[in-house]
Amino acid sequence: MSEVISTFRPESVSTEALAQLGEGHIAYVKQVRSEDVPDLFPQAPKIAPGIMLFALHAADGTPIMLTDSREAAVAS
């Protein structure tokens, strides 16, 4: 799998357009704080506050996975 880095303005793309993008083959990695994990991944175990993690999201914003390594998120 190849990594493509691109910058775009999210406010210029609708949620519906993102959901259609790449037919389920496009995702993005977002750095998140451990305090935000319960909102994104309710099933995740409690994590100590103050930890920076990486979440893999589908193009429409749906959280897919959580990891402590950006490389692991990109590889997924």
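Residues are numbered from 1 along each chain as its sequence is written, and side-chain values use heavy atoms, with hydrogens and water left out. Because the model is predicted, local features need pLDDT of at least 70 and side-chain atom pairs count only at pLDDT 80 or more, while totals for chains, interfaces and linings use all residues.

**View 1. The three-stranded sheet.** Let's start with the open sheet, where the strands follow the order β1-β2-β3 with antiparallel pairing. Strands here are DSSP runs of E with at least two residues, numbered from the N terminus, and two of them pair if DSSP finds at least two bridges between them. The edges belong to β1 (27-33) and β3 (63-67); each has a single partner strand, so one side of each lacks a neighbour in the sheet. On average, neighbouring strands are turned by 25 degrees against each other, direction ignored; the axes behind this angle are lines fitted to C-alpha atoms.

**View 2. Where β1 meets β2.** These two strands run antiparallel and are joined by seven bridges. Look for Val32, whose bridge partner in β2 is Leu53.

View 3. His57 sits in strand β2 (residues 52-58). With 3% relative accessibility, His57 counts as buried (under 20% relative accessible area, 1.4 Å probe, protein chains only). Leaving aside residues up to four places away in sequence, His57 touches Ala27, Tyr28, Lys30, Leu40, Thr62, Pro63 and Ile64 (heavy atoms within 4.5 Å). The C-alpha atoms of His57 and Leu40 are 9.9 Å apart.

How values were computed:
Helices (H or I, at least four residues) and strands (E, at least two) are DSSP runs, numbered from the N terminus. Buried means under 20% relative accessible area, exposed over 50%, partly exposed in between (1.4 Å probe, protein chains only). Axes are lines fitted to C-alpha atoms, for helices over the stretch in contact, and angles run from 0 to 180 degrees between N-to-C directions.
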